[in-house]
Amino acid sequence: MSAGRISSVNANNYGTAHPKRELLKMIEYIDAASAPMKNTGVIRLYGEDGFEGMRKAGNLVAKALDAVSEIIKPGATTAEIDRFMFSFGKDNGALPATLYYRGYTRSCCTSINHVVCHGIPNDKPLRENDIINIDVTYILDGWHGDSSRMYPVGTIKRAAGRLMDVTYESLMRGIDQAKPGKTTGDIGHAIQEYAEKERCSVVRDFCGHGLGSLFHDTPNILHYGNPGDGVELKPGMIFTIEPMINLGKPHVKVLSDGWTAVTRDKSLTAQYEHSIGITVTGCEIFTLSPASLHKPGSPVFNETHIR
Ligand code: MF3
Ligand code: CO
Ligand code: CO
(Lines give C-alpha, C1' and ligand atoms only; values in the text may rest on other atoms or scores of the structure.)
(Ligands and ions follow the chains in the order given, each with its own letter.)
Protein backbone atom coordinates (compact mmCIF):
# COMPACT_ATOMS: atom_id res chain seq x y z
CA MET A 1 0.00 0.00 0.00
CA SER A 2 0.98 3.58 -0.27
CA ALA A 3 -0.42 1.49 0.74
CA GLY A 4 1.56 -0.87 3.01
CA ARG A 5 5.23 -1.08 3.11
CA ILE A 6 6.12 -4.02 1.00
CA SER A 7 7.32 -5.80 4.10
CA SER A 8 3.94 -5.53 5.85
CA VAL A 9 0.78 -7.65 5.73
CA ASN A 10 0.25 -7.08 2.06
CA ALA A 11 3.76 -8.18 1.36
CA ASN A 12 4.33 -9.52 -2.08
CA ASN A 13 4.97 -12.99 -0.77
CA TYR A 14 4.68 -14.91 -4.00
CA GLY A 15 8.38 -15.35 -3.45
CA THR A 16 11.26 -15.05 -5.80
CA ALA A 17 12.77 -18.50 -5.48
CA HIS A 18 10.22 -20.27 -7.67
CA PRO A 19 10.02 -20.27 -11.44
CA LYS A 20 7.27 -17.98 -12.69
CA ARG A 21 5.09 -20.74 -14.14
CA GLU A 22 4.96 -22.48 -10.75
CA LEU A 23 4.03 -19.25 -9.04
CA LEU A 24 1.18 -18.51 -11.40
CA LYS A 25 -0.19 -22.01 -10.76
CA MET A 26 -0.14 -21.40 -6.99
CA ILE A 27 -2.35 -18.35 -7.26
CA GLU A 28 -6.04 -19.02 -6.80
CA TYR A 29 -8.96 -16.90 -7.89
CA ILE A 30 -12.19 -16.67 -5.93
CA ASP A 31 -15.54 -15.07 -6.51
CA ALA A 32 -15.60 -11.83 -4.54
CA ALA A 33 -19.22 -12.26 -3.51
CA SER A 34 -18.45 -15.45 -1.60
CA ALA A 35 -15.11 -14.30 -0.20
CA PRO A 36 -14.75 -13.69 3.52
CA MET A 37 -13.99 -10.06 4.45
CA LYS A 38 -10.32 -10.46 5.03
CA ASN A 39 -7.19 -10.55 3.01
CA THR A 40 -6.80 -14.26 2.43
CA GLY A 41 -4.01 -14.02 -0.11
CA VAL A 42 -6.20 -15.00 -3.03
CA ILE A 43 -7.08 -12.46 -5.67
CA ARG A 44 -10.77 -11.56 -5.74
CA LEU A 45 -12.61 -11.25 -9.03
CA TYR A 46 -15.52 -8.82 -8.90
CA GLY A 47 -18.64 -8.84 -11.04
CA GLU A 48 -20.94 -6.07 -12.25
CA ASP A 49 -22.13 -5.29 -8.69
CA GLY A 50 -18.56 -4.67 -7.59
CA PHE A 51 -17.80 -2.53 -10.63
CA GLU A 52 -20.96 -0.50 -10.04
CA GLY A 53 -20.06 -0.01 -6.37
CA MET A 54 -16.50 1.02 -7.28
CA ARG A 55 -17.78 3.42 -9.95
CA LYS A 56 -19.80 5.27 -7.30
CA ALA A 57 -17.08 5.24 -4.62
CA GLY A 58 -14.39 6.22 -7.15
CA ASN A 59 -16.50 9.01 -8.58
CA LEU A 60 -17.06 10.48 -5.11
CA VAL A 61 -13.32 10.51 -4.41
CA ALA A 62 -12.68 12.15 -7.78
CA LYS A 63 -15.30 14.83 -7.05
CA ALA A 64 -13.68 15.51 -3.66
CA LEU A 65 -10.27 15.84 -5.31
CA ASP A 66 -11.80 18.25 -7.87
CA ALA A 67 -13.51 20.35 -5.21
CA VAL A 68 -10.54 20.56 -2.84
CA SER A 69 -8.51 22.39 -5.49
CA GLU A 70 -10.53 25.53 -4.59
CA ILE A 71 -9.05 25.70 -1.10
CA ILE A 72 -5.42 24.98 -1.97
CA LYS A 73 -3.49 28.24 -1.84
CA PRO A 74 -0.64 29.79 0.14
CA GLY A 75 -1.77 30.17 3.77
CA ALA A 76 -4.25 27.28 3.74
CA THR A 77 -3.45 24.44 6.15
CA THR A 78 -3.54 20.70 5.58
CA ALA A 79 -5.81 20.42 8.65
CA GLU A 80 -8.38 22.48 6.68
CA ILE A 81 -8.00 20.10 3.74
CA ASP A 82 -8.53 17.19 6.13
CA ARG A 83 -11.73 18.73 7.54
CA PHE A 84 -12.92 19.36 4.00
CA MET A 85 -12.41 15.69 3.10
CA PHE A 86 -14.30 14.52 6.18
CA SER A 87 -17.29 16.83 5.54
CA PHE A 88 -17.42 16.12 1.82
CA GLY A 89 -17.59 12.40 2.59
CA LYS A 90 -20.20 12.85 5.31
CA ASP A 91 -22.41 15.02 3.07
CA ASN A 92 -22.34 12.24 0.50
CA GLY A 93 -22.85 9.23 2.75
CA ALA A 94 -19.20 8.12 2.81
CA LEU A 95 -16.55 7.65 5.50
CA PRO A 96 -12.80 8.14 4.97
CA ALA A 97 -11.18 4.69 5.12
CA THR A 98 -8.04 6.11 6.74
CA LEU A 99 -9.91 7.36 9.80
CA TYR A 100 -8.77 5.12 12.69
CA TYR A 101 -7.05 2.82 10.22
CA ARG A 102 -4.15 1.11 12.04
CA GLY A 103 -3.85 4.06 14.38
CA TYR A 104 -4.06 6.74 11.68
CA THR A 105 -6.51 9.45 12.77
CA ARG A 106 -7.11 11.62 9.69
CA SER A 107 -9.46 11.66 6.72
CA CYS A 108 -6.71 11.93 4.12
CA CYS A 109 -2.94 12.09 3.66
CA THR A 110 -1.27 15.35 2.66
CA SER A 111 2.29 14.94 1.42
CA ILE A 112 4.27 18.09 0.66
CA ASN A 113 7.50 18.50 -1.36
CA HIS A 114 9.94 15.80 -0.14
CA VAL A 115 7.19 13.85 1.66
CA VAL A 116 6.66 10.69 -0.40
CA CYS A 117 3.34 9.59 1.14
CA HIS A 118 1.29 9.35 4.36
CA GLY A 119 1.93 12.97 5.38
CA ILE A 120 -0.32 13.77 8.36
CA PRO A 121 -2.49 16.91 8.06
CA ASN A 122 -1.47 19.66 10.51
CA ASP A 123 -1.80 23.39 11.16
CA LYS A 124 1.25 24.52 9.22
CA PRO A 125 0.28 26.84 6.35
CA LEU A 126 1.04 25.90 2.76
CA ARG A 127 3.58 28.12 1.03
CA GLU A 128 3.99 29.44 -2.49
CA ASN A 129 6.19 26.96 -4.41
CA ASP A 130 4.99 23.88 -2.51
CA ILE A 131 3.68 20.86 -4.33
CA ILE A 132 1.22 18.73 -2.40
CA ASN A 133 -0.27 15.29 -2.90
CA ILE A 134 -3.74 14.73 -1.46
CA ASP A 135 -4.70 11.07 -1.07
CA VAL A 136 -8.22 10.16 -0.02
CA THR A 137 -10.11 6.88 0.23
CA TYR A 138 -13.87 6.88 0.81
CA ILE A 139 -15.94 3.90 1.82
CA LEU A 140 -19.31 4.23 0.10
CA ASP A 141 -21.86 1.43 0.54
CA GLY A 142 -18.97 -0.84 1.50
CA TRP A 143 -16.83 -0.03 -1.58
CA HIS A 144 -13.41 1.64 -1.33
CA GLY A 145 -12.52 4.40 -3.81
CA ASP A 146 -8.84 5.39 -3.47
CA SER A 147 -7.14 8.16 -5.46
CA SER A 148 -4.55 10.89 -5.12
CA ARG A 149 -3.35 13.85 -7.14
CA MET A 150 -0.71 16.56 -7.03
CA TYR A 151 -1.60 20.24 -6.60
CA PRO A 152 0.68 23.22 -7.08
CA VAL A 153 0.51 25.89 -4.35
CA GLY A 154 0.64 29.25 -6.10
CA THR A 155 3.35 29.29 -8.75
CA ILE A 156 5.82 26.43 -8.67
CA LYS A 157 9.29 25.88 -10.07
CA ARG A 158 9.75 24.33 -13.48
CA ALA A 159 11.47 21.23 -12.01
CA ALA A 160 8.48 20.60 -9.75
CA GLY A 161 6.06 20.92 -12.65
CA ARG A 162 8.16 18.55 -14.71
CA LEU A 163 8.22 15.97 -11.89
CA MET A 164 4.43 16.15 -11.63
CA ASP A 165 4.11 15.66 -15.40
CA VAL A 166 6.50 12.68 -15.40
CA THR A 167 4.67 11.08 -12.47
CA TYR A 168 1.25 11.51 -14.04
CA GLU A 169 2.50 10.13 -17.35
CA SER A 170 4.09 7.15 -15.57
CA LEU A 171 0.74 6.33 -13.92
CA MET A 172 -1.05 6.50 -17.27
CA ARG A 173 1.60 4.32 -18.94
CA GLY A 174 1.07 1.78 -16.15
CA ILE A 175 -2.69 1.94 -16.74
CA ASP A 176 -2.13 1.33 -20.47
CA GLN A 177 -0.70 -2.08 -19.53
CA ALA A 178 -3.69 -2.98 -17.37
CA LYS A 179 -5.54 -5.51 -19.50
CA PRO A 180 -6.15 -9.27 -19.55
CA GLY A 181 -3.08 -11.26 -20.58
CA LYS A 182 -0.64 -8.69 -19.18
CA THR A 183 0.90 -9.08 -15.72
CA THR A 184 1.49 -6.83 -12.73
CA GLY A 185 5.16 -6.82 -13.80
CA ASP A 186 4.20 -5.29 -17.16
CA ILE A 187 2.61 -2.40 -15.26
CA GLY A 188 5.66 -1.88 -13.03
CA HIS A 189 8.02 -2.12 -15.96
CA ALA A 190 6.18 0.50 -18.01
CA ILE A 191 6.27 2.91 -15.07
CA GLN A 192 9.93 2.34 -14.24
CA GLU A 193 11.13 2.45 -17.83
CA TYR A 194 9.47 5.79 -18.48
CA ALA A 195 10.38 7.43 -15.13
CA GLU A 196 14.04 6.44 -15.39
CA LYS A 197 14.25 7.54 -19.02
CA GLU A 198 13.14 10.94 -17.70
CA ARG A 199 16.03 10.84 -15.16
CA CYS A 200 13.72 10.29 -12.19
CA SER A 201 13.61 7.34 -9.75
CA VAL A 202 10.84 5.01 -8.58
CA VAL A 203 10.16 4.51 -4.85
CA ARG A 204 10.34 0.79 -4.02
CA ASP A 205 9.07 0.79 -0.42
CA PHE A 206 5.38 1.36 -1.18
CA CYS A 207 3.15 -0.15 -3.80
CA GLY A 208 -0.37 -0.19 -5.22
CA HIS A 209 -2.85 -2.76 -3.94
CA GLY A 210 -5.98 -4.72 -4.59
CA LEU A 211 -9.11 -3.07 -3.20
CA GLY A 212 -12.89 -3.24 -3.42
CA SER A 213 -14.73 -4.50 -0.37
CA LEU A 214 -11.34 -4.25 1.41
CA PHE A 215 -8.99 -1.22 1.55
CA HIS A 216 -5.70 -3.05 1.09
CA ASP A 217 -5.93 -6.46 -0.52
CA THR A 218 -3.86 -8.70 -2.78
CA PRO A 219 -2.27 -8.32 -5.27
CA ASN A 220 0.55 -5.87 -4.63
CA ILE A 221 1.16 -3.61 -7.60
CA LEU A 222 4.87 -2.77 -7.73
CA HIS A 223 5.83 0.33 -9.69
CA TYR A 224 8.99 -1.27 -11.05
CA GLY A 225 9.88 -4.67 -12.42
CA ASN A 226 10.21 -6.85 -15.48
CA PRO A 227 7.72 -7.63 -18.22
CA GLY A 228 5.85 -10.89 -17.54
CA ASP A 229 6.69 -10.98 -13.82
CA GLY A 230 4.08 -11.04 -11.09
CA VAL A 231 0.51 -12.21 -11.55
CA GLU A 232 -1.52 -12.38 -14.71
CA LEU A 233 -4.30 -9.82 -14.98
CA LYS A 234 -7.87 -11.16 -15.31
CA PRO A 235 -11.23 -9.48 -15.89
CA GLY A 236 -12.79 -8.65 -12.52
CA MET A 237 -9.57 -7.73 -10.71
CA ILE A 238 -9.70 -4.34 -8.99
CA PHE A 239 -6.59 -2.54 -7.75
CA THR A 240 -4.79 0.78 -7.48
CA ILE A 241 -1.73 2.02 -9.34
CA GLU A 242 -0.02 4.81 -7.40
CA PRO A 243 3.59 5.44 -8.43
CA MET A 244 5.79 7.64 -6.23
CA ILE A 245 8.52 9.22 -8.38
CA ASN A 246 11.52 11.19 -7.09
CA LEU A 247 13.77 13.77 -8.70
CA GLY A 248 16.69 12.33 -6.71
CA LYS A 249 17.47 8.87 -5.35
CA PRO A 250 14.68 6.34 -4.72
CA HIS A 251 15.38 5.80 -1.01
CA VAL A 252 12.88 6.78 1.67
CA LYS A 253 12.67 6.81 5.45
CA VAL A 254 9.69 6.99 7.79
CA LEU A 255 9.75 9.75 10.41
CA SER A 256 9.31 9.10 14.16
CA ASP A 257 5.55 9.75 13.92
CA GLY A 258 5.41 6.30 12.35
CA TRP A 259 3.70 7.48 9.14
CA THR A 260 5.39 10.33 7.28
CA ALA A 261 7.64 8.87 4.57
CA VAL A 262 10.27 11.25 3.15
CA THR A 263 13.00 10.99 0.54
CA ARG A 264 16.32 10.31 2.28
CA ASP A 265 18.10 12.85 0.10
CA LYS A 266 15.26 15.38 0.64
CA SER A 267 14.65 15.51 -3.11
CA LEU A 268 11.25 16.45 -4.46
CA THR A 269 8.77 13.60 -4.92
CA ALA A 270 5.33 13.24 -6.53
CA GLN A 271 2.51 10.69 -6.69
CA TYR A 272 -0.76 10.12 -8.53
CA GLU A 273 -3.17 7.27 -7.84
CA HIS A 274 -6.17 5.77 -9.62
CA SER A 275 -8.42 2.86 -8.69
CA ILE A 276 -9.08 0.65 -11.72
CA GLY A 277 -10.89 -2.55 -12.66
CA ILE A 278 -9.75 -5.03 -15.32
CA THR A 279 -12.40 -5.54 -18.03
CA VAL A 280 -12.53 -8.04 -20.89
CA THR A 281 -10.86 -5.58 -23.26
CA GLY A 282 -8.73 -3.38 -20.98
CA CYS A 283 -9.59 -1.53 -17.82
CA GLU A 284 -12.02 0.95 -16.38
CA ILE A 285 -10.67 3.87 -14.33
CA PHE A 286 -13.06 4.46 -11.41
CA THR A 287 -11.49 7.69 -10.17
CA LEU A 288 -11.35 9.91 -13.27
CA SER A 289 -11.92 13.60 -12.66
CA PRO A 290 -15.45 14.60 -13.76
CA ALA A 291 -14.12 18.17 -14.18
CA SER A 292 -11.04 17.04 -16.17
CA LEU A 293 -8.92 18.36 -13.31
CA HIS A 294 -6.86 15.24 -12.91
CA LYS A 295 -3.76 17.36 -13.08
CA PRO A 296 -4.74 20.61 -11.36
CA GLY A 297 -2.59 23.49 -12.47
CA SER A 298 -1.76 21.93 -15.82
CA PRO A 299 -3.59 22.38 -19.10
CA VAL A 300 -6.96 20.65 -18.94
CA PHE A 301 -6.68 16.97 -19.58
CA ASN A 302 -8.90 15.09 -21.89
CA GLU A 303 -9.30 11.79 -20.12
CA THR A 304 -11.31 8.99 -21.64
CA HIS A 305 -13.21 6.70 -19.33
CA ILE A 306 -12.10 3.38 -20.73
CA ARG A 307 -8.52 2.83 -21.76
N1 MF3 B 1 -4.63 6.00 0.66
C2 MF3 B 1 -3.37 5.35 0.90
C3 MF3 B 1 -3.20 4.38 -0.22
O4 MF3 B 1 -3.10 4.82 -1.32
C5 MF3 B 1 -3.29 4.67 2.23
C6 MF3 B 1 -3.18 5.56 3.36
S7 MF3 B 1 -3.20 4.63 4.79
C8 MF3 B 1 -2.98 5.79 5.98
O9 MF3 B 1 -3.24 3.19 -0.10
F10 MF3 B 1 -3.25 5.19 7.08
F11 MF3 B 1 -1.78 6.27 5.92
F12 MF3 B 1 -3.83 6.79 5.78
CO1 CO C 1 -3.89 3.20 -2.47
CO1 CO D 1 -4.49 6.34 -1.68
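A residue is termed buried if 20 or more other C-beta atoms lie within 10 Å of its own, exposed if 12 or fewer, and partly exposed in between, with C-beta atoms placed from the backbone. Helices (H or I, at least four residues) and strands (E, at least two) are DSSP runs numbered from the N terminus. The model is predicted: local features need pLDDT of at least 70, side-chain atom pairs count only at pLDDT 80 or more, and totals for chains, interfaces and linings use all residues. Residues are numbered from 1 along each chain as its sequence is written, and chains are lettered from A and ligands numbered from 1 in the order in which they are written.

**View 1. Overview of the protein chain.** The protein chain contains 5 helices and 17 strands. Of its 307 residues, 51% count as buried. Two residues are taken to be in contact if their C-beta atoms, placed from the backbone, lie within 7 Å. Among contacts with a separation of 6 or more, 70% are accounted for by residues 24 or more positions apart.

View 2. Helix H3 comprises the 14 residues 78-91. The expected span of a helix is 1.5 Å times one less than its number of residues; for H3 this gives 20 Å, and the end C-alpha atoms are 20 Å apart, which agrees. Thr78, Ile81, Asp82, Phe84, Met85, Phe88 and Gly89 are the buried residues of H3. Viewed down the axis of H3, these buried residues fall within an arc of 160°, so they line one face of the helix; the arc is that of the directions from the helix axis to the C-beta atoms. Ser87, Lys90 and Asp91 are exposed on the face turned away from the buried side of H3. The elements covering the buried residues of H3 include helix H2 (48-67), strand E3 (95-96), strand E4 (109-112) and E6. Just after H3, Gly93 adopts a positive phi of about 75°.

**View 3. Tyr138 in the largest nonpolar core.** A nonpolar core is a set of buried Ala, Val, Leu, Ile, Met, Phe, Trp, Tyr and Cys residues joined through C-beta atoms within 7 Å. The largest such core has 79 residues, of which Tyr138 and Leu163 touch the most other members. Apart from its neighbours within four places in sequence, Tyr138 contacts Ala57, Leu60, Val61, Gly89, Ala94, Leu95, Pro96, Ala97 and Gly145. One of these contacts, Gly89, is also listed among the buried residues of H3. In soluble globular proteins, nonpolar side chains tend to be buried together.

View 4. The 14 residues of H5 should span 20 Å at 1.5 Å a residue, and the end C-alpha atoms are 20 Å apart, in agreement. Because 11 of the 14 residues are buried, H5 is largely enclosed by the rest of the structure. The buried residues of H5 include Thr184, Asp186, Ile187, His189, Gln192, Tyr194 and Ala195. Helix H4 (158-176), E8, E10, strand E11 (238-241) and E12 are included in what covers the buried residues of H5. Just after H5, Arg199 takes a positive phi of about 60°. Arg199 lies in the loop between helix H5 (184-197) and strand E8 (201-202), and counts as exposed because it has 9 C-beta neighbours inside 10 Å.

**View 5. The sheet E8-E12-E15 around Asn246.** Two strands are said to pair if DSSP finds at least two bridges between them. Three strands form an open sheet in the order E8-E12-E15, with antiparallel pairing. E8 and strand E15 (269-271) are the edge strands, each pairing on one side only. E8 pairs with strand E12 (residues 244-246) in the antiparallel sense over 2 bridges, and Ser201 has Asn246 in E12 as its bridge partner. Asn246 counts as buried because it has 24 C-beta neighbours inside 10 Å. Leaving aside its neighbours within four places in sequence, Asn246 contacts Cys200, Ser201, Val203, Thr263, Ser267 and Thr269. The C-alpha atoms of Asn246 and Ala195 are separated by 9.0 Å, although the two residues are 51 residues apart along the chain.

**View 6. Backbone details at Pro219 and Asn129.** Thr218 and Pro219 are joined by a cis peptide bond, with omega about 0°. Pro219 belongs to strand E10 (residues 217-221). Asn129, a residue other than glycine, has a positive phi near 95°. Asn129 is located in the loop between strand E5 (115-117) and strand E6 (131-140). With 14 C-beta neighbours inside 10 Å, Asn129 counts as partly exposed.
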